[in-house]
Amino acid sequence: QLFAWRREADSGAVHLRVHRVFRSAPDDVADALVRLVLRRLPRDEKRALRHRVNAWFSGQRVTVAPAARLAPPPSAARGLHVDLRAAFERMRAERLPDFEVDLAWSESATRRIMGRFERGHPRARIVVNRLLDAPLAPAWYLDFLLFHEALHGVHPPRPGRARMIIHTAEFRRDERSHPHVARARVFERWATGRGFKHLIAAAVDRKLLPVELR
């Protein structure tokens with residue numbers, strides 16, 4: 001995380017934490033960061049300021065001390081029903097044979113974010129929503145999700161004209177090579193909607209899945 005802040009309710013004082021690389025930030029980047037924190041801004045202006053900060057940061061050579069990102073223990077990838085490492089190795093053998101990454105389940109199930117890619121040293125990490133550690137979650141979707149998150153390591157974000165481009169054209173091109181890319185979107189809408197309670201309950205009866213997802 002590049003920066004974070006909180007405001008004390010009683011005094012109104014703002015506590016700001018920023019990545020140490022900002023010690024060398026030029027004045028316009030530091031000013032953009034302060035304005036993002038202290039002022040209420042129109043959406044377009046806020047997007048432009050955030051883009052300025054992210055664009056500068058993306059051009060820095062940032063190193064993270066090994067102690068700051070310890071590799072998760074092997075048990076972090078083993079869920080109650082699904083072993084992420086085994087699923088990742090199957091995907092990697094077929095699609096990204098040279099890609100290495102650490103894996104972990106999230107601490108708790110959430111409704112919106114199915115997975116995330118975290119950059120770090122000595123290796124990046126993919127964290128998967130624990131919601132998918134359920135017999136009802138299809139293996140083909142997990143394969144797609146792991147592929148999608150790994151592509152963030154293959155095709156990192158880059159500055160665009162007005163914002164950071166997270167999913168570049170090269171990213172989308174490679175993502176479309178997965179045979180279940182379209183069906184994955186359908187599953188995500190189901191999982192974050194009426195299917196959420198079924199996944200939370202780790203339902204065993206796969207007949208609960210809509211026909212198009214079986």
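Axes are lines fitted to C-alpha atoms, for helices over the stretch in contact, and angles run from 0 to 180 degrees between N-to-C directions. This is a predicted model, in which local features need pLDDT of at least 70 and side-chain atom pairs count only at pLDDT 80 or more, while totals for chains, interfaces and linings use all residues. Residues are numbered from 1 along each chain as its sequence is written, and side-chain values use heavy atoms, with hydrogens and water left out.

**View 1. Helices α4 and α6 cross.** Helices (H or I, at least four residues) and strands (E, at least two) are DSSP runs, numbered from the N terminus. The axes of α4 and α6 come within 10 Å and cross at roughly 105 degrees. That angle makes α4 roughly perpendicular to α6 (under 35 degrees is roughly parallel, over 145 roughly antiparallel, 65 to 115 roughly perpendicular, and the rest oblique). Contact (heavy atoms within 4.5 Å) is made by Trp140, Tyr141 and Phe144 of α4 with residues of α6 including Val181, Ala184 and Phe187. By class, this contact of α4 with α6 has 6 nonpolar, no polar and 3 charged residues (Ala, Val, Leu, Ile, Met, Phe, Trp, Tyr, Cys and Pro count as nonpolar, Asp, Glu, Lys and Arg as charged, and the others, Gly among them, as polar).

**View 2. Helix α3 meets helix α4.** Look for α3 at residues 84–95 and α4 at residues 139–154; their axes come within 9 Å and cross at roughly 70 degrees. So α3 is roughly perpendicular to α4. From α3, the contact uses Leu84, Ala87, Phe88, Met91 and Arg95, and among the α4 residues are Leu142 and Phe147. The classes here are 8 nonpolar, no polar and 2 charged residues.

**View 3. Three strands form an open sheet.** The order is β3-β5-β4, with mixed pairing (two strands pair if DSSP finds at least two bridges between them). At the edges, β3 (102–105) and β4 (115–118) each pair on one side only. The twist averages 20 degrees from one strand to the next. Strands β3 and β5 (residues 125–128) run parallel, joined by 4 bridges; Trp105 has Val128 of β5 as its bridge partner. Helix α3 lies across β3 and β5, at about 135 degrees to β3.

**View 4. Residues line the second largest pocket.** Among the lining residues are Arg112, Met114, Tyr141, His148, Arg185 and Thr192. Helix α4 gives the most to this lining, with 4 residues. By class, the lining has 4 nonpolar, 3 polar and 4 charged residues. A pocket is, on a 1 Å grid over the protein atoms alone, an open set of points where a 1.4 Å probe fits, with protein on both sides within 12 Å along at least five of seven lines; lining residues have an atom within 4 Å of a point.
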